[in-house]
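I set down what I looked up, topic by topic.

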Amino acid sequence: MALDIRGVSKHFRHKGKNTLALDNVDLHVQPGEFICLLGPSGCGKSTLLNIVAGFMKADSGTILSQGTPVTKPGADRCVLFQQPTLYSWMTTKQNVMFGPKMTGMDKTAASERAAELLDIVGLGAFQNHYPHQLSGGMRHRVAYARALINKPNILLLDEPFAALDAITRVSMQNFLLELWQQERTTILFVTHDVEEACLLADRVCVMSARPGRVHAISTVDIPRPRTQATVESQVFIENRRALRTTLEETLGQQEAVVQ
Ligand SMILES: Nc1ncnc2c1ncn2[C@@H]1O[C@H](COP(=O)(O)OP(=O)(O)OP(=O)(O)O)[C@@H](O)[C@H]1O
């Protein structure tokens, strides 16, 4: 199993009040799966992702990444942020080769793989460009190539396209679909957008409002490869409707504040 989340709970104490953010969350992710975490604002999606990343500790429960307990951040779990963090003084290719350089990977093999990944992300002709010479979308693509060269067990994405304009967002969704189709890296992707979850995911973990619990795990029954044209198809419309209904079931639930 790529990722095994078992009985994870987490509360926060703020201004004398305890808020239960996650309550006994279980989720089992198979290698190569694309899983979306979907739920209303404040249901604990980011908290769960941060715990999986090792940035935050759960109060109880365990998380196994390829069978190994998660206790801190690690190269097996790569987090991609909304703003790609590239080194401004390095070229595109040097940015991609930074991780392998640190881990002592064979230089020729790293260079070949970096070139291959830059081709896959459509930046083969931009290897010697610096980040400031790239568009925002291109910088995102470099960040994906830089993540994948380290062969992470899982990519963790927290609403990565939320801040993008509509056109770039669609282009990044297409890009991610194509990339996942080729590389089959396991992905855990946080979104609050039903349509985005339906387009991208194999399964959607629908979380209930606070405290965040797994309300349902819905399989998205839409053939791949998927493109933006998929959004117009009858099967997509049916899956989206079903997912929206599942999400609506979670709304209106009581916020749990434990004194
Ligand atoms: N550091 C913190 N201190 C106190 N409370 C926190 C902290 N981080 C998160 N919370 C609370 O935990 C709950 C879950 O927050 P979280 O950010 O995980 O939700 P989310 O589902 O990602 O929300 P959104 O979709 O709005 O980003 C919220 O009630 C939030 O206020």
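**Entry 1: the two domains.** I began with the spacing of the domains: the centres of domain 1 and domain 2, taken over C-alpha atoms, are 27 Å apart. I note that the model is a predicted one. I then looked up the bounds: domain 1 covers 3-76 + 154-256, and domain 2 covers 86-151.

**Entry 2: where the domains touch.** I looked up how many residues take part in the contact, and found ten residues of domain 1 against ten residues of domain 2. On the side of domain 1, helix 6 (residues 166-183) gives the largest share, with seven residues. I sorted that side by class and recorded five nonpolar, four polar and one charged residues.

**Entry 3: the nonpolar core.** Which residues have the most contacts inside the largest nonpolar core? I found Leu38, Val52, Leu156 and Leu188, in a core of 68 residues. Both domain 1 and domain 2 give residues to this core, so it lies between them.

**Entry 4: Ile149.** I located Ile149 in the loop between helix 5 (136-148) and strand 7 (154-158). Is Ile149 buried or exposed? I record Ile149 as buried, because 22 other C-beta atoms lie within 10 Å and 20 or more are required for that label. Apart from neighbours within four places in sequence, Ile149 is in contact with Val96, Gly99, Pro100, Arg113, Ala114 and Leu117. I also checked Gln133, which is 16 residues from Ile149 along the chain; their C-alpha atoms are separated by 22 Å.

**Entry 5: around the ligand.** I looked up the 14 residues around the ligand and noted that Phe12, Ala21, Ser41, Ser46 and Thr47 come nearest. Strand 1 (3-14), strand 2 (17-29) and helix 1 (45-53) are the elements that give two or more residues to this shell. Helix 1 gives the most, with three residues. By class, I recorded three nonpolar, nine polar and two charged residues in the shell.

**Entry 6: the record.** I consulted UniProt, where an unreviewed entry places the feature "domain: ABC transporter" at residues 3-234. Over residues 3-234, I noted 31% helix and 28% strand. The end C-alpha atoms of that stretch are 32 Å apart.

Definitions and conventions
Residues numbered from 1 in each chain as written. Predicted model: local features only at pLDDT ≥ 70, side-chain atom pairs only at ≥ 80, totals over all residues. Near = placed C-beta within 6 Å. Helix = DSSP H or I, 4+ residues; strand = E, 2+ residues; numbered from the N terminus. Nonpolar A, V, L, I, M, F, W, Y, C, P; charged D, E, K, R; others polar. Buried ≥ 20, exposed ≤ 12 C-beta atoms within 10 Å, placed from the backbone. Contact = placed C-beta atoms within 7 Å. Domains from an automatic or database assignment. UniProt positions renumbered as here; feature names shortened; annotations may be inferred. Core = buried A, V, L, I, M, F, W, Y, C linked by C-beta atoms within 7 Å.
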